[in-house]
Each structure stands twice: as structure tokens, then as C-alpha cells.
Amino acid sequence: MRQLTTGQKGAAAEAEIAAAAIRSDLVVLRPLCEGGRYDLVIDIGTQLLRVQCKWASRVGNVLTARCLTSRHTPRGYLRTTYSAAEVDAIGAYAPETDRCYLIPIREVEGQAMISLRVAPTGNNQARHIRWARDYELDISLSRHWGMAPSHPDAVERRHGER
């Protein structure tokens, strides 16, 4: 299978995150024009979440997603990060886990890269680790936005895996 381009990865991540939200019985809205700072809006009933979608790659036991945008200006390429004034969350799709993750922007604002750990560290360190399982779409919506999970046992099931 051929390697996807950056644009194809972004489009695939956006489609996967939208589909996961729809499967969770949420309304997904898309901007009519390109060029905004967010890719999707997810209506969670009490709030509209502006979501910037990213492709997450797995390296070892860590998923990583770049949170930079680049645009060409008369002075060259300008790289910028995301802020809470522009987006509410970073949505990430990881093909290696076939899962979608939703990270509140307040946790990663201004960072060029986000990392989510899928397995324990070699030295069993657990402090300051951002666990992927805690940011799976349904779980993140429950924990960070107070929304009941679409699958009632989802949060309980994930807690039991620890």
C-alpha cells in the first residue's frame, strides 16, 4: 500500500473523527470554507466544540500528533500552534489503534506536538503521563466536558483496564 500524503492523512483523520462522533450520536458540523483554525464542530448539546483534527502516528508505545500549522506568507513559511481562542480541542485519529482521541486545548495549548502513551513506560513511571485511554472520544467527552458516554459501560470498562 502506498504512503498517504499529508493532505490525505488530514482528510482521513477528519473523516474518522467525524464518524466516531456520529456513532456516539452527536451532531457534526463542517465549515463551508477552508482556511479556518478548526476542521469540525461537534455539538454536544450544551456546547459546540471547535475541533482541529490531526493524524497520530505510533512510535513504540506512544502516539504523537503534530499541532503546528504552516502557511506560506511573503516572508516564507509561518508555523503556528493552536490556542483556546481558536479551538476547543485537538481531535486525533491513530490508525495503529483505530481509535479517535479528543484532547482539550487547555492541556496542549501552544505545544507543537502532543503525545499519548498506549502502554506503560519501561521504568513503570506513571506521573505526568498522558494516557491515550483517558482521551478516547467518549471518555474524554465524559471527563472533560461532562457529557454522558454514548455507551454507558465505556467509562467504567476503560477504568477497569488500569
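The model is predicted.

I will start with the cores. In soluble globular proteins, nonpolar side chains tend to be buried together. Here the largest nonpolar core holds 20 residues. Those that touch the most other members are L26, I44, L49, V51, L102, L141 and W145. Which elements give two or more residues to this core? They are the helices α1 (6–23) and α3 (137–145), along with the strands β2 (40–43), β3 (48–55), β8 (89–94) and β9 (99–104). With 5 residues, α1 supplies the largest share of the core.

Take I44 as an example. If we leave out residues up to four places away in sequence, I44 touches L26, L49, L141, W145 and M147.

Rolling a probe the size of a water molecule over the atoms shows where empty space is left. The largest pocket in this model has a volume of about 960 Å³. It is lined by 31 residues, and the closest to its centre are T6, G10, Q52, C53 and K54. Two or more lining residues come from each of α1, β3, β5 (62–66) and β6 (69–73).

Which element gives the largest share of the lining? That is α1, with 6 residues. So much for position; next, the classes. The lining has 11 nonpolar, 11 polar and 9 charged residues.

Conventions. Residues numbered from 1 in each chain as written. Predicted model: local features only at pLDDT ≥ 70, side-chain atom pairs only at ≥ 80, totals over all residues. Heavy atoms only, no water. Core = buried A, V, L, I, M, F, W, Y, C linked by side-chain atoms within 4.5 Å. Buried < 20%, exposed > 50% of the residue type's maximum accessible area, 1.4 Å probe, protein only. Helix = DSSP H or I, 4+ residues; strand = E, 2+ residues; numbered from the N terminus. Contact = heavy atoms within 4.5 Å. 1 Å grid on protein atoms, 1.4 Å probe; cavity = no way out; pocket = protein on both sides within 12 Å on 5 of 7 lines; lining within 4 Å. Points joined across faces, edges and corners; volume = space filled by probe spheres on them. Nonpolar A, V, L, I, M, F, W, Y, C, P; charged D, E, K, R; others polar.
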